[in-house]
Amino acid sequence: QVHLVESGGGLVQPGGSLRLSCVASGFTLEFCDIGWFRQAPGKEREGVSSISRDGTTSYANSVKGRFTISRDNAKNTVYLQVNSLKPEDTAVYFCATHRPNIIPRLTRPASWDYWGQGTQVTVSS
């Protein structure tokens, strides 16, 4: 059974930082892509960042230079370090992975097959 569990969200002031974690179970993430997505109230889910099996990373233009994705295969965990947070970053953040015969795309949330429950990030004064 595939499980993804996000953690690390919280309430921070503008300019603050958090480290989000995505812990995988039921599979080994070393040979899978992992994506981070977010969804704000009234908006569609959007891709934030992804990391491939070979370590290649992708970022949405809105977070380049502020967010960093990384992977610790020994812990079966992917992290998203979020810095210089803005109120517009407020959303529920989800991690996702995929079936073996699928090549997911960060810009297409529907191309990802397994999702965690999400962790809330709120940026406000």
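## Strands β7 and β8

In this predicted model, strand β7 pairs with strand β8 (residues 77-82) in the antiparallel sense, and six bridges connect the two.

## The four-stranded sheet

β7 and β8 belong to an open sheet of four strands, whose order is β1-β3-β8-β7 and whose pairing is antiparallel. At the edges lie β1 (3-7) and β7 (67-72), each of which pairs on one side only. From one strand to the next, the twist averages 15°.

How much of strand β5 (residues 46-51) is buried? Five of its six residues are, so the strand is largely enclosed by the rest of the structure.

β5 pairs with strand β4 (residues 34-39) through five bridges, and the two run antiparallel. It also pairs with strand β6 (residues 57-59), again antiparallel, through three bridges. S50 of β5 takes part in both pairings: S50 is the bridge partner of G35, and S50 stands opposite S58 in β6.

## Two hairpins

The β4 and β5 strands form a hairpin with six residues between them. In that turn, G42 has a positive phi of about 80°.

A hairpin is also formed by β5 and β6, with five residues between the strands. Here the turn contains G55, whose phi is positive at about 95°.

## The chain as a whole

What secondary structure does the chain contain? The count comes to 11 strands and zero helices. Read from the N terminus, the elements run β-β-β-β-β-β-β-β-β-β-β.

For 125 residues, a compact globule would have a radius of gyration near 14 Å; the value for the chain is 13 Å, which agrees with that expectation. Along the principal axes, the C-alpha atoms fill a box of roughly 45 × 30 × 25 Å.

## Burial, contacts and surface

Of the 125 residues in the chain, 42% are buried. Among contacts between residues at least 6 apart in sequence, 57% join residues at least 24 apart. The chain exposes about 6700 Å², and carbon and sulfur atoms supply 47% of that area.

Note on methods:
Residues numbered from 1 in each chain as written. Predicted model: local features only at pLDDT ≥ 70, side-chain atom pairs only at ≥ 80, totals over all residues. Heavy atoms only, no water. Buried < 20%, exposed > 50% of the residue type's maximum accessible area, 1.4 Å probe, protein only. Pairing = 2+ DSSP bridges. Axes fitted to C-alpha atoms, helices over the stretch in contact; angles between N-to-C directions. Rg over C-alpha atoms; globule rule 2.2 N^0.38 Å. Contact = heavy atoms within 4.5 Å. Areas by Shrake-Rupley, 256 points an atom, 1.4 Å probe, with all protein chains shown as cover.
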